[in-house]
Amino acid sequence: MSGANAAVPSLTAMPEWKALKTHYEQISQMHLRDWFVEDPDRATRFHAEAVGIAMDYSKNRINASTMQHLMALAKARDLKGRIDMMFRGERINNTENRAVLHVALRAPKGESIMLDGVNVVDQVHEVLDRMAKFCNAVRSGEWRGHTGKRIKNVVNIGIGGSDLGPAMAYEALRFYTQRDMCFRFVANVDPADLSEALIDLDAEETLFIVSSKTFTTIETMTNAAAARVWALKTLKDDAAIEKHFVAVSTNAEAVSKFGIGPSQMFGFWDWVGGRYSMDSAIGLSTMLAVGPEGFSEMLAGFHAMDEHFQSAPFESNLPVIHGMLAVWYSDFFGCQTLAVLPYAQYLKRFSAYLQQLTMESNGKHVTRDGKAVDYDTAAIVWGEPGTNGQHSFYELLHQGTRIVPADLIGFYYDLNSMAMQHELLFANLIAQAEALAFGKTEEQARAEGIEESLVPHRSYEGNRPSNLLLMERLTPSALGKLIALYEHSVFVQGTIWGIDSFDQWGVELGKSLAVRITAELAGEASNPHDSSTTAAIERYRQHHRG
Ligand code: F6P
């Protein structure tokens, strides 16, 4: 077997892995305090900057030799070869036999990426042009609802990658949005989600975007059908659907069965993974909110990071450094989680977005060729915007028994001309990185006059690793760059682990069981289960039988 389906060499048997393990044993007890004293150039040595993102990774549990070992491992895992395979459109999603070409979604017009004899960049721009035309018509009021009213509300119905990206991007770019329009995002099949989203909306002024790559996802299809009923209650005419519903999908047949015609459908392709799709037509709500120009700026940001990832040497390549550090903490320090802590309220959904990107991509237990891994794969990603988190879970980050590597993200300028608040926010960002790394020794606590019995409580071990990611301001372009950094970091990690980062078989079992159990709750079927599952079904049925 060759190319995408080649056998994956054992990671832990590689000499580069073994060397890294020996190195870990030598340096794992070292403290960042000492390293900073020993090496006055540390902050410049472990600093990389590209496309407007400055990454200070000096507060990691590494020295120069660690980075050499990590880069040697990246080379041994043929990271460069795998990057090129992805950009060339090889079918590196081998369990689904698909190319992985989200990078084509942001390739500028005129570029060429060939897949099965077709230039996919041309296809991408055809859809982008149609999206732009549609968005301009809605934003300007030229596109009217069935009764002639202007569209003021946009409700995106989708789940997973068809929700998290659009919902995150809307919040992230809220500053740039058309303020006389209202945007809502419905994902959960819990009726509360749709009901609350629609509670104060006028159907005559509301546009639904049904976003689903497959157009078979049960939550989305159920919510879309309910939205249709809700809209028709007011609009009272099936013909109204074409003015109030559009679809984003790869499945034209299912879209048309739902009653949405081809001119109201925006397509994408099976080579775009759901969690890598926010810059495809799945971003229609984003484009409606920020306009086609804002959307293009975001794509240009993604593309700038793509070019950097593809061309920069590993030693100065942001996604490579970021991804290799993630491997370092997962597999050598045994860290279970990664905290993503944006010091930007607009990024309040960013860690939720990264959860799917990271955990659905790299939460795998076998390699691409189906062998069980003997190392940990993806970390659990979580987080909240600073400074809110500081008044909630940072206690554990500073004094808990676990090491939680953290990404601290900040912007030099705020968008709302509130310099005082912004400076305080930024001061907190820097302070937290400093406190995590250096802590406060018992001696320092005593020297401050802290009463002896409280010294253990009021000292901080420090040595908690973090990356500091700084950008100028949160623009559409900056957002694109930041997301692409994480996308490619995930790819780097998946390559080292030898897994398929682009399938998601792990979600299937729960889905199929839910279908069976739905029939059982309705009393239409009865299947053998364990006693606990049977009891839960029975309890539900008893309540509904009255
Ligand atoms: O169940 C997981 C998943 O397939 C995700 O990968 C995907 O983003 C989500 O469901 C939604 O899928 P679709 O866009 O096809 O509705």
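How many bridges join strand β8 to β9? Three bridges join β8, residues 245–249, to β9, and the two strands run parallel. Within this pairing, Ala-247 stands opposite Met-265 of β9.

This is a predicted model: local features need pLDDT of at least 70, side-chain atom pairs count only at pLDDT 80 or more, and totals for chains, interfaces and linings use all residues. Residues are numbered from 1 along each chain as its sequence is written, and side-chain values use heavy atoms, with hydrogens and water left out.

**The sheet.** Five strands make an open sheet with parallel pairing, in the order β6-β5-β7-β8-β9. From one strand to the next, the twist averages 20°. Strands pair if DSSP finds at least two bridges between them. Helices (H or I, at least four residues) and strands (E, at least two) are DSSP runs, numbered from the N terminus.

**The helix.** Helix α9, residues 218–235, packs on the sheet. It touches β5 (153–157), β6, β7 (206–211) and β8; contact means heavy atoms within 4.5 Å. The direction of α9 makes about 160° with that of β7. Axes are lines fitted to C-alpha atoms, for helices over the stretch in contact, and angles run from 0 to 180 degrees between N-to-C directions.

**The cysteines.** The structure holds zero disulfides, a disulfide being a pair of cysteine sulfur atoms within 2.5 Å.

| Residue | Relative accessible area | State |
|---|---|---|
| Cys-182 | 21% | partly exposed |
| Cys-335 | 6% | buried |

Buried means under 20% relative accessible area, exposed over 50%, and partly exposed in between (1.4 Å probe, protein chains only).
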